Amino acid sequence: MDEGTQTAASEEEMKIFGKPWTYQVERMGPIAAVIIFGVVVGILEPQFLSTRNIVNVLYQAATYIILAVGMTFVITGAGIDISVGSQLALTGVLMVFTIQYTPVPPWIGIFVAPLSGMVLGLLNGLFITKLKVPDFIATIATMIAYRGVVLIMSGGQVHYDFPYAVRFLGQYRIFGVLPISIVVAFVIGAVGYYLYHNTFFGRYTVAMGGNKESAILAGIDVNKYKILTYVFMGFMAGVAALVTVGRLDAFHATYGEMMEIDTIAAVIIGGTALFGGNGRVWGSVFGAILMSMVVNAAVLLGFPYFYQYVLVGLVILLAVSLYAFLEARRSS
Amino acid sequence: MGNENTPFLQMKGIVKKFGALTAVDRVDLEVDKGEVLALVGENAAGKSTLIKVLTGIHDQDEGDIFIDGEKVEINKRKDAQNFGIEAVYQDLALVNQLDVPGNLFLGKEPSKKILGGFFEVIDNKKMEEQSKTILKENLNMEIENFNDPVINHSGGQQQSIAIGRALASKCELVVMDEPTASLGVEEIEMTFDIVRNLKKNNVGVIFISHNLEHVFEVCDKVLVMRMGERVAYKDIEDASKEELVKLMVHGTERKEETA
């Protein structure tokens, strides 16, 4: 029977916990990379593994984790959002203006960030589905346009000294140690994982990104889910803005620049397929942490600032070539 | 014809044009539950277009569709599904990255309410249980690695999963577009078994095929199309292979057909 040949073929592969090793490496790769990298750098520089430094690494990673979870859905749906950095800045400035220039109480004003993010994401989604602009082009356009609005609104000035409501998510530390933004980031990771595996949103995003024609034939409204992924991304950009502005207790028009690259890199390192249909939410979380670790380790090990870019670039190349290798193994 | 004997599906005088090209020209089709109708014809005979009209992918320019004798509008895939009409496409239309239950129930996942009924989410557990039942009882197959992406399964298994999808919802009629075209001998036998099983369960089947031997193997009736027109419709027992080939190529019994 064909089932027999199927088993015979897969038995040649070494198995770990009943699954082919390629599958396990792909699934556990990001977390394994975090641990291995941590141990190696920890041996070279023990300070790297101090509680203070670990908290610091996660603290720096929080923004990227939040963005990366949103981006995981966009990329899984065979899209890409280049405008996340600009969305972060624009939702940030909208929140700051609401709180500084309107009588809206700060505790309510902070909701402006995620809500306006959803609107920005909705616009991205509409440009892509209704105007038929490719995802990449549409979000490059909005990256520039959104950034322009930020510059117009803020006039390039630094805004600072915000009420506690704004600083809370960025600065509050549980027991005076653990920043709440880290907890928020991990909760978002867990929620993202649940959404991915248990909701219609997650399932149809996979279907749409994996095989758009099949999804349409199954009666799925792919435009609706395409838009939803961008709305979700926008929401996350707003939350990330909240965390960033709060942490720094300041706002500047350049916030979020280059963040789209780091976010996409974190998602790719995490094992999400760039052409859609296969996302790894926890992979993205650990991908973001790994990126943060690399930068942090470079500083601790005394790499000059410019060399850090080279290092991060190499990590991305390494991760992607590893996945390509595993993919080739699997399809052979 | 009395009301009691109305077949499950009737398509009457269907016309579908693409610009100047008339892909389907005044075609009648009928098929009842528990009946296997072969739809044969050469390439570009209009078989696929006719089926796409039936499944809601194309709108017809003329003609009507009747379910249980009542005139219905089928404008979307969902409409067809609501009438119990499912299709298994030639390329199977699976999502490679999803596992077996994910594909069986794509687009119609069982749901459950959480957080006090506020959110509706997919009931993965129920879906897996129902998937096992469908595979075992309707398709008589056991799949290993149930939760692996379907791309890891063999061609025959993928074919079965695609057919199983039609059965995941309460369906009355399954349209199979070239189900045996890309399969090996054993897998073709498996597909025949599935078709016979459907018939036994009183499900109607429209079996589109190039291969007349396969048609004679499992079908009850045959409808021949040529250049968009219906050129013959007869019981399989009254037809011979030579005759069908002639009809497909030359359309000799064309005058029999009137809209």
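Mentor: In H13(A), the buried residues are Met259(A), Glu260(A), Thr263(A), Ile264(A), Ala265(A), Ala266(A), Val267(A), Ile268(A) and Ile269(A). Buried means under 20% relative accessible area, exposed means over 50%, and partly exposed lies in between, with a 1.4 Å probe and protein chains only. After H13(A) comes Gly271(A), with a positive phi near 105°. Helices (H or I, at least four residues) and strands (E, at least two) are DSSP runs, numbered from the N terminus.

This is a predicted model, in which local features need pLDDT of at least 70, side-chain atom pairs count only at pLDDT 80 or more, and totals for chains, interfaces and linings use all residues. Residues are numbered from 1 along each chain as its sequence is written, chains are lettered from A and ligands numbered from 1 in the order in which they are written, and side-chain values use heavy atoms, with hydrogens and water left out.

Now Thr199(A). Thr199(A) sits in the loop between helix H9 (180–198) and helix H10 (200–210) of chain A. Its relative accessibility is 8%, so Thr199(A) counts as buried. The Thr199(A) side chain reaches the backbone oxygen of Leu195(A) at 2.6 Å. A polar atom of that side chain also lies 3.1 Å from the backbone nitrogen of Gly202(A). Leave aside neighbours within four places in sequence, and Thr199(A) is in contact (heavy atoms within 4.5 Å) with Tyr194(A), Val121(B) and Ile122(B).

The contact takes 26 residues from chain A and 32 residues from chain B. The area buried between the chains is about 2400 Å², and carbon and sulfur atoms give 51% of it. In chain B, Gln97(B), Leu106(B) and Ile122(B) lose the most area to chain A, together 20% of what that side buries. Buried area is the accessible area (1.4 Å probe) that two parts lose on being put together, summed over both.

What is the count of salt bridges between chain B and chain A? The count is 0. A salt bridge is a side-chain nitrogen of Lys or Arg within 4 Å of a carboxyl oxygen of Asp or Glu. Polar contacts do cross: 9 residue pairs, both at pLDDT 80 or more. A polar contact is a pair of N or O atoms within 3.5 Å; within protein, one must be able to donate a hydrogen and the other to accept it, and residues adjacent in sequence count only if both atoms are side-chain atoms. On the chain B side that touches chain A, several elements each supply at least two residues, among them strand S8 (119–122), helix H4 (124–138) and helix H6 (185–200). By class, that side has 11 nonpolar, 10 polar and 11 charged residues. Ala, Val, Leu, Ile, Met, Phe, Trp, Tyr, Cys and Pro count as nonpolar, Asp, Glu, Lys and Arg as charged, and the others, Gly among them, as polar.

Over all chains, the salt bridges number 11. One of them joins the side chains of Lys33(B) and Glu172(B) at 3.5 Å, N to O. The two are 139 residues apart: Lys33(B) is in the loop between strand S2 (21–31) and strand S3 (36–40), and Glu172(B) is in the loop between H5 and strand S9 (173–177) of chain B. Both ends are partly exposed, Lys33(B) at 28% and Glu172(B) at 25%.

Glu217(B) and Arg196(B) form another, at 3.1 Å, N to O. Glu217(B) is in helix H7 (residues 212–218) and Arg196(B) in helix H6, 21 residues apart. Asp193(B) joins Arg196(B) and Glu217(B) in a network of salt bridges. The side chains of Lys241(B) and Glu213(B) also meet in a salt bridge, at 3.4 Å, N to O. Lys241(B) lies in helix H8 (residues 241–250) and Glu213(B) in helix H7, so the pair ties together parts 28 residues apart in sequence. Lys241(B) is partly exposed at 36%, whereas Glu213(B) is exposed at 52%.

Last, confidence. The predictor gives the complex an ipTM of 0.79 and a pTM of 0.84. Chain B has a mean pLDDT of 84, and 95% of its residues reach 70 or more. Residues 254–259 of chain B fall below 50, and this stretch has 10 contacts in the model beyond near neighbours in sequence. pLDDT is the predictor's confidence in each residue, from 0 to 100.
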